[in-house]
Amino acid sequence: MKNTMKNIAALFLIFVFSGSVVNAQGWTVPASAKKKQNPYEATSKNISSGKKIYNIQCKSCHGDPTMANMLPLAPVAPTDLGAQNFLIQSDGEIFYKVNKGQGAMPAFEKTISDEDKWMVIAFLRSFDKNKKVKQQVAEVKNPEVTDVKLELNVNEADKTMLAKLSGVTKKGKRVGLQGIEMSFLVKRSFGYLDVSGEDPYTNESGDVQIQFPKDLPGDREGQVNMLVKVTDDAFYGNLEEKRVVTLGVPTDPVNPLDERAMWGTRANAPIWIIVTFVGGVLAIWSVIFLVLFQMIKLPKLAKSKD
Amino acid sequence: MNDLPKQKETNLSFEKIKKDILHPMQNHKGLELWIVFLITVISVCGWAYYIQLKDGLGVTGMRDYVSWGLYIANFVFFVAVSLVGMLISSILGLLRIDWITPISRIAEIIAVAFVAVAGLVIVLDMGRPDRVLNVMIHGRFQSPILWDVTVITTYLTVSALLLILPMIPDLAICKKELTKASPIMKKLYNILSLGYINTPAQHKHLHKMIRTLMVLIVPIGLAIHTVTSWLFAATLRNGWDTTIFGPYFVAGAFVAGSAALIIAMYFFRVNYKLQDYITDLQFDKMGKLLVAVCLVYLYFNLNEFLVPGYKMKTGDDIHLKELFYGNWAIMFWASQLLGNIIPIILLVNKKFRKPLPIMIISLFVLAGAWFKRYVIVIPTMLHPHLPIQNVPENFVHYYPSAIEISVTVLSFALVLLIITVLSKIFPVVPIVETAESKGIEVKIEA
């Protein structure tokens, strides 16, 4: 009996184990899921936002697409997502795999929105050599330059910002750098808000102009902390410009601790609770002191009535 | 209380009452030994507290989950027991119930001792007791902690006054009669008796003060235990988040206090040979009172556990299942059955209300009351709402450490020491009131 149990257990283990091995080799995707098409167009904007999401969510394991610098995990290393043998899959297949995950690949079904996932797929598709309508991430056709500079001009009247990216060529001439994506970020309470807009690529003279949102709250004077940078460090290193600009809507900050409330500091206790507490303490203790005072009278009463 | 109707004939004279009650204060064999024992216990456990003070609260079993452990459960218990002073000498006293006369002082002594040490227990629970005054300096009016500190201080003051004021005539007798007392004690009697010689004016004046305090202590007594319950009920935690916690604690306090009083009555009756004063009648009446308050407490327990147990809403269900048939079931059911239900069943029989049986039953009730507080405080703390992962093993269990148990023993020894000392220097049964209630003429010489 015991042996039978052991055999069954062993068989069961083998079964489960072989199952997982099979799973590791083939990653079956339902036919219906395969058919899905990316509903978002491969515009430079979408590709660019897909790249940003990729850098945050995927890059730590998969490395840069086509660079094969993925994390060397065992037994199965992450795939180079820019490799052609990966990109032969349909959009729907990739989408399904990102959603469900397998083994060390986490399921992103709940952690990344569908839109963001499609953006990533659009970004990955930009590396696809077989794709007929191929739109690369804005290609850089700039001369080799040194001393790259980022200049920022702020127009407070119409709330626009002009960034100029330039470098010095070998001939010693300062030229604008074209087609570089810039990020315009506003510091908020918990991180940066991207206000770059639809098309934050430098034009042929190295300029990019963005419209600052008209309704973004600033501090009491309407000041906000701007961070303008070249989105991709790969081109010219970490190039950024920090500045305090007066483009926000002047706003008096509301601190919940400023109002009288149960959660407030002692100075901001609700009036009724102060009155109740202090009133109660005063009432009770005045009676106690009255009694203590009356005690002094007791010895005198002995003499007066005797 | 000379306005009471003259009572039945008695063979006691004023001289005999004085002699009977004052005698044990001067001659009491074995008392020194008892005090030495208590001081030894306090010293040994004081060393445990020194370790806690030196190394911090990490030496206790308390961790991030259970940050209110044995100390706070013990604190709630002490506050509960101290409420007997308000029940006996104030509520029953104002109702002019005469059988409480010989035991009212014991009740006040218990109240003063327990509430004084209850305040101290909070300080013992602090990692930085040197910062205790910050509660007063920086305390927020919104915080039940500030109310608790305030109301305990007030209750201690009024209880001490209610111990001393009705004792003034007796102290005048002590001053005259206790010729062998030490000079310090004579001085104490002299000061505290406030020149009382029982003139009608003094009598009237004194009883007016006492009645004022008796009325005053009712709201304070209710407040002290209601506020203690709010320390718990003002949170959203399962098991504490209930609206009846205030009256529930007050009812439980009456149970614990009455049981403690019966035990103390028994020991004073036997050791001080006060059979003529703390009679079977007092035990019988206290037995009935204990049944009454136990029934009220049982009623609150039904509401506290049956109603949430019927609904079993999310969060509460884990807590209640732990209590009903989980890890806490033995402690929970033992405190309910041995500390409440079985005593009720036994004490409705007259023969169980005799001094010895009722004292033994009261020991169970008191122990049950202590464990009940433990069950109220700790299981709830073990179920935090935050879903934290990879919690260290010692967060999710709580076992009081040896240091914690020692410091708790210290608090009990301290209570017993205070009761011992107070009953050594003050007459435990009111001499003048007892004589007056028996219609015996009282004479206090200047």
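Mentor: Let us begin with a single residue. Met312(B) counts as exposed because 12 C-beta neighbours lie inside 10 Å. The classes are defined by the number of other C-beta atoms, placed from the backbone, within 10 Å of a residue's own: buried means 20 or more, exposed 12 or fewer, and partly exposed in between. This is a predicted model, in which local features need pLDDT of at least 70, side-chain atom pairs count only at pLDDT 80 or more, and totals for chains, interfaces and linings use all residues. Residues are numbered from 1 along each chain as its sequence is written, while chains are lettered from A and ligands numbered from 1 in the order in which they are written.

Trainee: Where is Met312(B) found, and what is its phi?

Mentor: Most residues other than glycine have a negative phi, and most peptide bonds are trans. Met312(B), although not a glycine, has a positive phi of about 50 degrees. Met312(B) is found in the loop between helix H12 (280-311) and helix H13 (316-325) of chain B. Helices (H or I, at least four residues) and strands (E, at least two) are DSSP runs, numbered from the N terminus.

Trainee: Which phi does Ala68(A) have, and where is its place?

Mentor: Ala68(A) is not a glycine either, yet its phi is positive, at about 55 degrees. Its place is in the loop between H4 and H5 of chain A. Ala68(A) counts as partly exposed, because it has 13 C-beta neighbours inside 10 Å. The loop between helix H4 (59-62) and helix H5 (84-87) of chain A also holds Pro75(A), and the peptide bond from Ala74(A) to Pro75(A) is cis, with omega near 0 degrees.

Trainee: What does chain B average?

Mentor: Chain B averages a pLDDT of 90, and 97% of the residues score at least 70. Over residues 1-9 of chain B, however, the pLDDT is below 50, with ten contacts in the model beyond near neighbours in sequence. For the complex, the predictor gives an ipTM of 0.88 and a pTM of 0.73.

Trainee: How many helices and strands does chain B have, and why does its radius of gyration agree with a compact globule?

Mentor: Chain B has 18 helices and zero strands. The radius of gyration is taken over C-alpha atoms, and the globule rule is 2.2 Å times the number of residues to the power 0.38. With 446 residues, a compact globule would have a value near 22 Å, and chain B has 23 Å, which agrees. Of these 446 residues, 45% count as buried.

Trainee: What is the corresponding description of chain A?

Mentor: Chain A contains nine helices and eight strands, and 17% of its 306 residues count as buried. The domain assignment, whose bounds come from an automatic or database source, gives domain 1 (2-125), domain 2 (145-245) and domain 3 (260-288). The C-alpha centres of domain 2 and domain 3 of chain A lie 55 Å apart.

Trainee: Which features does UniProt place in chain A?

Mentor: UniProt positions are given in the numbering used here, feature names are shortened, and annotations may be inferred rather than shown by experiment. An unreviewed UniProt entry places "domain: Cytochrome c" at residues 45-128 of chain A, a span that is 51% helix and 0% strand. The unreviewed entry for chain A also places "transmembrane region" at residues 271-293; that span is 100% helix, and its end C-alpha atoms lie 32 Å apart.

Trainee: How many residues does each chain bring to the contact?

Mentor: Chain B brings 25 residues and chain A brings 22 residues. On the side of chain B that touches chain A, the largest share, ten residues, comes from H10(B).

Definitions and conventions: Contact = placed C-beta atoms within 7 Å. pLDDT = per-residue confidence, 0-100.
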